[in-house]
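Please look through the structure shown here together with the paragraphs that follow, which take up its pockets and then a pair of helices.

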Amino acid sequence: MLDISCLKFDAAGLIPAIIQDVDTRVVLMQGYMNDASIKLSLETGKVCFFSRSRQCLWTKGEESGHFLYLKEMVADCDGDSLLVKVKPVGPTCHTGEDTCWGEKNCSGDFLFYLERHLQKRKNDSPEVSYTARLIAKGINKVAQKVGEEAVELVIEAKDDNPELFLNEAADLMYHYLVLLIAKGYALEDVMGVLKQRHRCNSESLNGDAYLKR
């Protein structure tokens, strides 16, 4: 829960706010907020800023319909800036671009987005969701599917059909994510192990040796 009383506003009563897509983690824009706009954002669920040019509150999307739906708002370690995680509707920039830096909001973090999507699917009805249906069959069935998809990927790797190989790779990745979810783990847990291994190897080997490993 954001404690507004601990925030450090500037002399004009403003604090910078970095807007980030909650799913893709792409930074969309920077704006400024004051006490009133923060409270209004928390109350309505739509991000509201303080316009320095117009000297008034404005809710992003009130004219265009491209709202920023608030998912989380946190302060940095010094309390003098905000990270505002949102689900955007349409492009964020007034120029029509996805972001105010002209970058596409199409994410190198798609796997994390997919993981969150599958986590939600886990609680759907097995009648309408393959993910929920597979998890409901138990961990043995999920693990079996990962094994089957791994074998199919190996078989396609021995041939020369890029489309089939990539489709089998995608199938394996999907079932691997489902297995992690069924076991109560996340990609971050696996990444933590890989990072630890990387640190240990980096400490024991020089850079070139590690790259050649």
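A pocket, as the word is used here, is an open set of grid points with protein on both sides within 12 Å along at least five of seven lines, and the volume given for a pocket is the space filled by probe spheres set on its points. The model to which these terms are applied is a predicted one.

In the largest pocket there is about 220 Å³ of space. Its lining is made by 13 residues, of which Trp 58, Lys 60, Gly 61, Thr 92 and His 94 are the closest to the centre of the pocket. Sorted by class, this lining holds 4 nonpolar, 5 polar and 4 charged residues.

The second largest pocket has a volume of about 180 Å³, and among the residues that line it are Met 29, Tyr 32, Phe 50, Arg 52 and Trp 58. Two or more residues of this lining come from each of strand S2 (27–33) and strand S3 (48–51), and S2 gives the most, with 4 residues. By class, the lining of the second largest pocket has 5 nonpolar, 4 polar and 2 charged residues.

Turning to the helices, the axes of H4 (residues 139–157) and H5 (residues 162–183) come within 9 Å and cross at roughly 160°, which means that H4 runs roughly antiparallel to H5. The crossing of these two helices is left-handed. Residues of H4 that make the contact include Val 142, Val 146 and Leu 153, while those of H5 include Phe 165, Leu 172 and Leu 179. Taken by class, the contact of H4 with H5 has 15 nonpolar, 1 polar and 7 charged residues.

Technical notes: Residues are numbered from 1 along each chain as its sequence is written. This is a predicted model: local features need pLDDT of at least 70, side-chain atom pairs count only at pLDDT 80 or more; totals for chains, interfaces and linings use all residues. Side-chain values use heavy atoms; hydrogens and water are left out. On a 1 Å grid over the protein atoms alone, a cavity is a set of points where a 1.4 Å probe fits but cannot get out, and a pocket is an open set with protein on both sides within 12 Å along at least five of seven lines; lining residues have an atom within 4 Å of a point. Ala, Val, Leu, Ile, Met, Phe, Trp, Tyr, Cys and Pro count as nonpolar, Asp, Glu, Lys and Arg as charged, and the others, Gly among them, as polar. Axes are lines fitted to C-alpha atoms, for helices over the stretch in contact, and angles run from 0 to 180 degrees between N-to-C directions. Angles under 35 degrees count as roughly parallel, over 145 as roughly antiparallel, 65 to 115 as roughly perpendicular and the rest as oblique. A crossing is left-handed if the near helix is turned anticlockwise from the far one by less than a right angle, and right-handed if clockwise. Contact means heavy atoms within 4.5 Å.
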